[in-house]
Amino acid sequence: MEYDFSVAQKWNELNFYQIGEIAKLYMSDQKLKKEEFQLLLLTILFVDIAVGSEGYEEKAATFNVLINEVNLMKLDENDQEYLFQYIEFLENSMDLTKFPPSVELEGKVYFGPANRLSNITIEELTFADHLYFDWKKKKRQIDLDRLVTVLYRPESRVENLEDRREAFSQQRLVERGSILPTMDESLKYAIGFAFKGSREAIFAKFKIVFPSIKSKFKGKERKPIRYKSFNPMITSMAMGESSPLGNLHDVKKTNAVDFFEVVQETIIIDRKRKEQLKS
């Protein structure tokens with residue numbers, strides 16, 4: 001029997017329900033065998049809507065028939081490789097860069113950042129990145145809730161073509177602190193992974209600013225990587241000889257990508273200057 005399935009082949013082709021469920025699976029402490037983990041990924045990929053949604057029963061039933069016919073756990077190695085090829089992109093990469101555009105909670109709409117975090121300021125990224133690091137390391141729900149609360153804000157009263165959200169303010173986070181955490185859990189996880197993929201895409205553009213870091217071993221255990229804030233960079237840009245981005249207030253409001261471009265160029269110029277002094 002043949003089945004005609006149309007499934008996502010890239011992270012950005014997944015819907016936000018799928019992204020959230022996959023993110024929860026990756027962030028879970030549950031111990032699963034490799035084949036069990038892969039089967040769960042495969043299920044989310046093929047059954048791409050939540051239980052109770054219209055069409056769920058039909059998709060789940062068809063997928064179950066497919067799995068029963070191929071008898072997944074008794075397949076030989078070649079057959080397993082054929083079936084699991086559908087989830088290779090989920091295991092080998094994490095290039096998700098799209099965010100849910102907005103969410104409505106308690107009758108109010110909250111808007112998210114642009115895809116790839118293209119409109120985030122260095123101040124907002126600095127604050128959000130530390131929360132993301134804590135969430136990734138400790139896997140605490142409160143850190144994900146705080147990250148979502150930073151990224152999703154009401155619409156600005158002042159027109160801004162780059163960002164329709166109100167300007168980032170640490171002081172106003174408390175106002176949303178009891179509302180944003182009530183968001184659907186899968187959607188929160190989708191936002192967390194969109195942040196992960198987008199930040200990595202930004203950092204990959206600036207290899208001089210963000211060189212590859214290998215964690216060291218301490219005895220038989222791997223020494224954990226310690227978090228490094230962007231604040232020293234921000235201060236340096238504001239206090240430097242030329243202050244190309246303006247004063248401290250101006251620097252904080254600078255687009256993050258623009259900020260790292262200036263930082264990287266500053267590093268390159270400084271290195272060239274030091275080489276010239278040596279010669």
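Let's start at Arg116: with 44% relative accessibility, this residue counts as partly exposed. Keep in mind that we're looking at a predicted model. Arg116 sits in the loop between S2 and helix H6 (122-138), and its phi is near 65 degrees, a positive value in a residue other than glycine. As background, most residues other than glycine have a negative phi.

Glu106 is another residue to look at here, with a positive phi near 50 degrees although it isn't a glycine. You'll find Glu106 in the loop between strand S1 (102-105) and strand S2 (108-111). Its relative accessibility is 67%, so Glu106 counts as exposed.

Now for the rings. The count comes to 19 aromatic pairs. One of them is Phe46 with Tyr86, an edge-to-face pair at 5.4 Å centre to centre and 80 degrees between the planes. This pair ties together distant parts of the chain, 40 residues apart: Phe46 belongs to helix H2 (residues 34-46), while Tyr86 is in the loop between helix H4 (77-84) and helix H5 (88-92). Are the two partners buried or exposed? Phe46 has a relative accessible area of 6%, so it is buried, whereas Tyr86, at 32%, is partly exposed.

Phe259 and Phe260 also make an edge-to-face pair, with 5.5 Å centre to centre and 70 degrees between the planes. Both Phe259 and Phe260 are buried.

There's an aromatic cluster to trace as well: Trp11, Tyr26, Phe37, Tyr132, Trp135, Tyr189, Phe193 and Phe195 form it together. Elsewhere on the list of ring contacts, Lys98 lies over the face of Phe16, at 5.0 Å from the ring centre.

Finally, the second largest pocket, which holds about 420 Å³ of space. It is lined by 17 residues, and the closest to the pocket's centre are Ser236, Met237, Gly240, Thr266 and Ile267. Which helices each supply at least two residues of this lining? Helix H10 (231-239) and helix H12 (256-278) do, and H12 gives the largest share, eight residues. Sorted by class, the lining of the second largest pocket has eight nonpolar, five polar and four charged residues.

Note on methods. Residues are numbered from 1 along each chain as its sequence is written. This is a predicted model: local features need pLDDT of at least 70, side-chain atom pairs count only at pLDDT 80 or more; totals for chains, interfaces and linings use all residues. Side-chain values use heavy atoms; hydrogens and water are left out. Rings of Phe, Tyr and Trp (its six-membered ring) pair if their centres lie within 6.5 Å; planes under 30 degrees apart count as stacked, over 60 as edge-to-face and the rest as tilted. Helices (H or I, at least four residues) and strands (E, at least two) are DSSP runs, numbered from the N terminus. Buried means under 20% relative accessible area, exposed over 50%, partly exposed in between (1.4 Å probe, protein chains only). A charge sits over a ring if NZ of Lys or CZ of Arg is within 6 Å of the ring centre and within 35 degrees of the ring normal. On a 1 Å grid over the protein atoms alone, a cavity is a set of points where a 1.4 Å probe fits but cannot get out, and a pocket is an open set with protein on both sides within 12 Å along at least five of seven lines; lining residues have an atom within 4 Å of a point. Grid points are joined across faces, edges and corners, and a volume is the space filled by probe spheres set on the points. Ala, Val, Leu, Ile, Met, Phe, Trp, Tyr, Cys and Pro count as nonpolar, Asp, Glu, Lys and Arg as charged, and the others, Gly among them, as polar.
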